[in-house]
Amino acid sequence: MSAILLQGAGAGAATALSPFNSIDPNKLVVPSRSSLSVRSKRYIVAGSDSKSFGSSLIVRRSEPLIPNAVAAKADTAASSTSSKPGHELLLFEALQEGLEEEMDRDPHVCVMGEDVGHYGGSYKVTKGLADKFGDLRVLDTPICENAFTGMGIGAAMTGLRPVIEGMNMGFLLLAFNQISNNCGMLHYTSGGQFTIPVVIRGPGGVGRQLGAEHSQRLESYFQSIPGIQMVACSTPYNAKGLMKAAIRSENPVILFEHVLLYNLKESIPDEEYICNLEEAEMVRPGEHITILTYSRMRYHVMQAAKTLVNKGYDPEVIDIRSLKPFDLYTIGNSVKKTHRVLIVEECMRTGGIGASLTAAINENFHDYLDAPVMCLSSQDVPTPYAGTLEEWTVVQPAQIVTAVEQLCQ
Amino acid sequence: MALHLRSSSSLLKSTLLNILRQNLGFGSRSHVTRHIRQNLPHDPPLRGSRNPIRRFCNTVAEPETLSSFGQHEDASNHQVMDFPGGKVAFTPEIRFISESDSDRVPCYRVLDDNGQLITNSQFVQVSEEVAVKIYSDMVTLQIMDNIFYEAQRQGRLSFYATAIGEEAINIASAAALTPQDVIFPQYREPGVLLWRGFTLQEFANQCFGNKSDYGKGRQMPVHYGSNKLNYFTVSATIATQLPNAVGAAYSLKMDRKDACAVTYFGDGGTSEGDFHAALNFAAVMEAPVIFICRNNGWAISTPTSDQFRSDGVVVKGRAYGIRSIRVDGNDALAMYSAVHTARGMAISEQRPILIEALTYRVGHHSTSDDSTRYRSSDEIEWWNKARNPLSRFRTWIESNGWWSDEAESDLRSRIKKEMLEALRVAEKTEKPNLKNMFSDVYDVPPSNLMEQELLVRQTVNSHPQDYPSDVPL
């Protein structure tokens, strides 16, 4: 899979105030946003549409549908234009591969968290790393999220690049103080003297009967914190790419993984690549309606898309990936094309990513909307343990189909 | 997993013991053999180590010696049990460990109340140059605090917090460290910065938040920070710097630097969860960090009797497996010796050290506080006069012929003049540009922040009379 070589120079950042108007939508590379993560180094950056690389820069239309909601086997979509075969792996292995590559590349990268060392991590993302890099560089910590997050911050201020793992994102509520007051702020309050290039990652979201305390959606609580960036991965491809980009970023980045997506299988390129942290991913181009989603809900949306196509609709599905800041460039272009927006998220109704995204779209693209922005979210309840109830707190494909039909009347 | 047979004892017993060991987790030898490590940062000397199971430093498993656990073989009870964590002897008596010892942990001091050297005291010798610098910086700190405090009272500064009464802790501890040691302060340790060369002008710039402030005017006064002096920017939240310091120590350990992390906090800070977690982490990680607690008796209005019920802070160290010492915080020589020794231990043995420095907060908590509301002014006066750290140390350096009244008055008048000039200059210096409100949130301002800055500027343009005149646009 050939990729676009980007020499990031940070140019263009100062002037682009309304980037949607000033940039040729056919160009895959966008200067203003990439300056945040691609600095003066050379990277191989994958653009948002992972499927249409090579000489053709035109966004492709006749995309084969993803047949399954949750991809069980490697399907045609990811590797349709590969020139090289790539290799197949599961999402947690992709994360591990990305992490290992970065640890090989930069001796300052280290990992800390509970059971990440010899145990290999609760979801095996750090498997084998302690054996390879030693148990000081892949550090098992006692149980105190605030303390090891604080440790990571202190280590980052002294020159390391820690990857802090929360065994479950919900546990990072205990680290809120360090994340909000120190991680997000110290670069600012120190006048730029100290940088905090940490990556905070872990699985979150509603799983299979994990109970209310282990089904938290932390992205809605963290989204206000100034100074941090948030990204959510959803495929092995973007998991590895985002992991690598997050580690290389000078800003603190929170990488949201999902408990139910760790066993997704996909074929990813053999050669090195990273994904842009601030970019959204075009999953399925369309004409009738823009569906914005991220993480696990992407698969529910794609399943609904299958039904919708059979009913004659042409939805455009975008995996927003960057939760803070939103990629309003990609989203805006889509809204201008389709004039209808449906947001499908796993966060709760109140104060979630969907709520902020609805506000951002209404504010910025009001004139382009033919219908009010609709947002499908989970209810404002703690996640029940009972499987049947749990299923209905999460947005299901049937609801998505109904919502699209309603919006497209 | 290899069975290591002991040749001396019976085969059956040792086999049984080994099976037991292997089936248990942490603390058993099998745990160690499972983790034979290569490529480790360093092998620190094992002298003085009483912990046979050491992590993060060994490249081969340590041979276990049963005797190292102290087998108890009293007549009534031959049994010891290999619980996770090591052998524990049993006792048939129901005996609770007392909540406190009958005697409090004694406090290390070298100079008595009158500044005379106590006979047979152990201390690290200081040269004349260092001693005079320690004393001069203590005087400078005192004058700086007084003048800034007055400035706030006069309305020239918005806020200030003094370190009056704690000058010895500030300066003497800094003197015992090297410039490579990284400092994580709470907010009552400007003396450490002062020792390292932060000028009075730089202090004033931060307090006034002008464009020469390294923090670019973003924080309130006394929230100093200087990366070139290895003094990490003050974060107002209590005790959050402790885990940060452990992280920095971890980083130094990885790089095998001849330096340690040092962090300061008050008695109140020891109630925060971060204190306990950081101590625990530092002990487990064998991190070279020195925890210095300024036990000054008060956390705003909360006396230590309402803060904890243990014998101060020093006893908490043992609970986490940390070597600790209690020092007279108003004795500069004792502080210097304690920190100097602690630093040596922390780096050569790769372990954390806890120092509880007993002192008294002579000033109010800050300019937003009037401490006479909760304590008697007699008490404050007594500590300020009879227990003053400056006068004690001054007596000692004068007894060595290193100081005089003339030197004192020269110093004081010079510093006072310098301070007033620094204040004057800082007050007049322009404030940072408005764009600094939006820069450094990230490495590069994202589009939403650029939009927001534009909005602010538009608002300012349409209402210029409501906008302060000394903040350039």
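Analyst: Two strands count as paired if DSSP finds at least two bridges between them, and strands (E, at least two residues) and helices (H or I, at least four residues) are DSSP runs numbered from the N terminus. This is a predicted model, in which local features need pLDDT of at least 70 and side-chain atom pairs count only at pLDDT 80 or more, while totals for chains, interfaces and linings use all residues. Residues are numbered from 1 along each chain as its sequence is written, chains are lettered from A and ligands numbered from 1 in the order in which they are written, and side-chain values use heavy atoms, with hydrogens and water left out.

User: In the open sheet of five strands in chain A, what is the average twist from one strand to the next?

Analyst: The strand order in chain A is β12-β14-β13-β16-β17, with mixed pairing. β12 (281-284) and β17 (374-378) of chain A are the edge strands, each pairing on one side only. Angles run from 0 to 180 degrees between N-to-C directions of axes, which are lines fitted to C-alpha atoms, for helices over the stretch in contact.

User: Which residue of β17(A) stands opposite A:Met348?

Analyst: β16 (residues 341-348) of chain A pairs with β17(A) in the parallel sense, over four bridges. In β17(A), the residue opposite A:Met348 is A:Ser378.

User: Which strands of chain A does helix α11 touch where it packs on the sheet?

Analyst: Helix α11 covers residues 297-310 of chain A, and its direction makes about 170° with that of β14(A). With contact taken as heavy atoms within 4.5 Å, the strands of chain A that α11 touches are β12, β13 (289-293), β14 (315-319) and β16.

User: Why is one side of β5 and of β15 in chain A left without a neighbour in the sheet?

Analyst: Both belong to an open, mixed sheet of seven strands in chain A, ordered β5-β4-β6-β7-β9-β8-β15. β5 (138-140) and β15 (322-324) of chain A stand at the edges, so one side of each has no neighbour, because each has a single partner strand.

User: Where in chain A is A:Pro325?

Analyst: A:Pro325 is joined to A:Lys324 by a cis peptide bond, with omega about 0°. A:Pro325 lies in the loop between β15 and α12 (328-338) of chain A.

User: What area is buried between chain B and chain A?

Analyst: The contact takes 53 residues from chain A and 50 residues from chain B. Buried area is the accessible area (1.4 Å probe) that two parts lose on being put together, summed over both. Carbon and sulfur atoms give 64% of the area between chain B and chain A, which is about 4,500 Å².

User: How many residue pairs are in polar contact between chain B and chain A?

Analyst: A salt bridge needs a side-chain nitrogen of Lys or Arg within 4 Å of a carboxyl oxygen of Asp or Glu, and the interface of chain B and chain A has zero of them. A polar contact is a pair of N or O atoms within 3.5 Å; within protein, one must be able to donate a hydrogen and the other to accept it, and residues adjacent in sequence count only if both atoms are side-chain atoms. Between chain B and chain A, with both residues at pLDDT 80 or more, the count is 15 residue pairs.

User: Which element gives the largest share of the side of chain B that touches chain A?

Analyst: β3 (182-184), α7 (241-254), α8 (273-285) and α14 (447-462) of chain B each supply at least two residues of that side. The largest share, nine residues, comes from α7(B).
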